[in-house]
Amino acid sequence: MKSVIFSIVFIVSGLLSVIIIYSDDLSEKLTYNLNRNLNVDWGDDHPKFLKQRLNVDLLDLSVSWDYFNILFPKTETELILNALSNIQSSGCISKISLSLNFKINIFCNEIRINLKKNKWTKYNKFHISRTFFFERRVFDDFYDKQSNYVVNIDTTNLVINKINLGHNVIEYLFLDKENMQLMIDGEVVILTKKHEGLNIHTVDSDYFFLNRNYFDNTMKRESTDV
Amino acid sequence: MIRTILTENYITHNKKMEKTSYMRIVEIKRYAVLFLFLIVISIYYALTIPSNSIWHDQTLAVNLAKDVLNGNYPLVGYLHSNRMHSFPAFYYLIAPLVYISDNPILLYWSVAAMNILGVMIVTKYIYSKYGFQEYVLYLLFSATHVSTLFFSSFFWNPNYTPFFMSIFIISLLKYINNKTSIIFFHIAGIVINIMVQMMPQSIVLIPTFIFILFLFRKLPSLVNQVVHIAIQLALVYPWIHYHLFVFEWDGFESGQKLYKGFSSSIIEYFNYLGGWVLNSEYTTYLAYGTNTYPYAKLIDIILTGSSILLLSLLVYSTWVSFRGIKISNYININIIDNDVNELTIHNILIVLAVINFSCILFFITGMQMVSYHYQFLAPVLALNMSLLISYEKKFKKLLASVLMLIILLQGSFSYWRAYSEYKKPYATDIGYSDQFTNYITNNCNADSAAYILDPKGLHFFQSSKGDYDKKSCGKLILVLRDHYAQSKIVRWLLEKNYSKTDMKFKDYLIWSSNKEL
């Protein structure tokens, strides 16, 4: 038993020593890999990323960038991703917190979000989007990549459609495969993936993005008929 | 003296008569229980089979069986999701059925009948070897286990596996029992081959089979081993031939990775034990299960609870079995106090525990697993549970109570589900689509068309073939009451564009664009 414990301690200490000695090289390699992965063109229906000085620091468990812009696809204008035309962030540093919950803290000087105008139709206390439809893969892709950690974004300036809302803290995490919780300055919003589409529940009311089938058979048909 | 002899003869005769009479009562009880089992399980199938769907794999299987009947012998079957072709044995086995009829109802019933036959084969063995209690428990478990009942009501390659597994178990036990011949070794091996052809994941049974033979010191002679390998190769030769000489490997890319993660094998094993996949109408590998609205939470507790209880009994049974195995070194593994002339209940529990434990190979390899891949466990679980109760004297009452609770929970859901499927079928189900066609033809003229609305959206179903002297129903929208009750979007779409009619079909509400209906 003692020999087993000794072996484990020896291996772990050896690995830690290697990481510390070669941390600069490893950080450089990670920076290269992250930049390379973000430069991959996944096709017209996937977001594209523009960035400057995106660096990984292994010992500090952090990623920093001068600016990082997400450009959303424009091929299918009615897909929900197009509700956001682009997200720009500048002067940011993200740090990984290895507490009980794996957490990524992102501190930014400014985040700019350009939202496209959305028309709604009302059904009781329900607001159904007339402009965009939802695809489950958008939610599933997001879940696959980010289901295991909490993301906390702290920005000095949050600018939505050129209106500066000042300092904001946004946190999001997946409650399960179907539900994502978003907290904007302490206010809880629940996004639920349903067969019919995406439900966004706020304290005051519910907003809904239909799936493509419902959208085509209702909103799109109406606009075609007109 | 004569009187004494006569009295003794009289007593002996009376004893014999009593024994015969007792045996007759036991036999009557045995057949009564079997008859009851057949009635109950037939009710389950009669309610659920017409409410089943038909998909691409089923149509393709029938077409390939027709090819066999026409003399065009297929070397392989349809493509699996990993883009590899399936083995062909299934299509040859169902060809006689398709020759009789390609009616889906018959084909779906064939799976149910094979499952019942498998259960009867094992129970006959149990009854002859052990007793009435084990026999009843086996039948009870088989008539209630959610996953076993569900899969055996659907026509698909893997769903015949429990029948072949029953034959495998009996052949293996007969072979291990020293008095019988080598033929059972070959039968067991051939049956594994058939199972692997129907469901490749059954391949874990090959090392398991070898290990069990090694454990019981029953590895056959070298000649028999060579003969058996030749039989195995011959059985899969069409598939090998196709991939060696016909298949175009240029540009082939596997559709899936072999390694998928360690969690899926555990979750799906647990899922198979309790059958909780059916507590959801739509899942990834099940086009539609059961709409349990508004009882989903209660059913989740019932199925998860029975999963945990069943797993607990299996873990206990495995511990009871493996404590009888002594491992001296990696080639010297013995069963303690093994009597080669008698196959004890403990020995059978060891065999079953090894088969069940073989599932660990799925975990080690990180293979992609879905609950139906564990179907080979159906007779293993039932036999394990029925024998564990009679073997373990120490906690007999506790174990029996837990098993009864599992049977009650699983049975309650299975038969509730069967009734629900009967009351609320889909218009597209194999037993109801013709009924609906007749309904619309009798009520609407040829200008009318029926659509189905469900939480996923609006889908065209069929046009009416009715005469022009019938009324025009316009665009008919069929929506299940449950979908209407549970989905705001369904209600919104209907109330916005359509009006409710007085027409009714099973549990469907029928709405129409024709406001006058």
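In what follows, a residue is buried if 20 or more other C-beta atoms lie within 10 Å of its own, exposed if 12 or fewer, and partly exposed in between, with C-beta atoms placed from the backbone. The model before you is predicted: local features need pLDDT of at least 70, side-chain atom pairs count only at pLDDT 80 or more, and totals for chains, interfaces and linings use all residues. Residues are numbered from 1 along each chain as its sequence is written, while chains are lettered from A and ligands numbered from 1 in the order in which they are written.

I turn to the sheet of chain B. Helices (H or I, at least four residues) and strands (E, at least two) are DSSP runs, numbered from the N terminus; two strands pair if DSSP finds at least two bridges between them. Five strands of chain B make an open sheet of mixed pairing, in the order β4-β3-β5-β7-β6. Its edge strands, β4 (457-463) and β6 of chain B, each pair on one side only.

The strands β6(B) and β7(B) run antiparallel and are joined by four bridges. Phe505(B) has Tyr508(B) in β7(B) as its bridge partner. Between these strands, in the loop from β6 (499-505) to β7 (508-512) of chain B, sits Lys506(B). Although not a glycine, Lys506(B) has a positive phi of about 50 degrees. Is Lys506(B) buried, exposed or partly exposed? Lys506(B) counts as partly exposed, with 19 C-beta neighbours inside 10 Å.

Lys162(A), also not a glycine, has a positive phi of about 70 degrees. Lys162(A) lies in the loop between β8 (150-160) and β9 (163-164) of chain A, and is exposed, with 7 other C-beta atoms within 10 Å.
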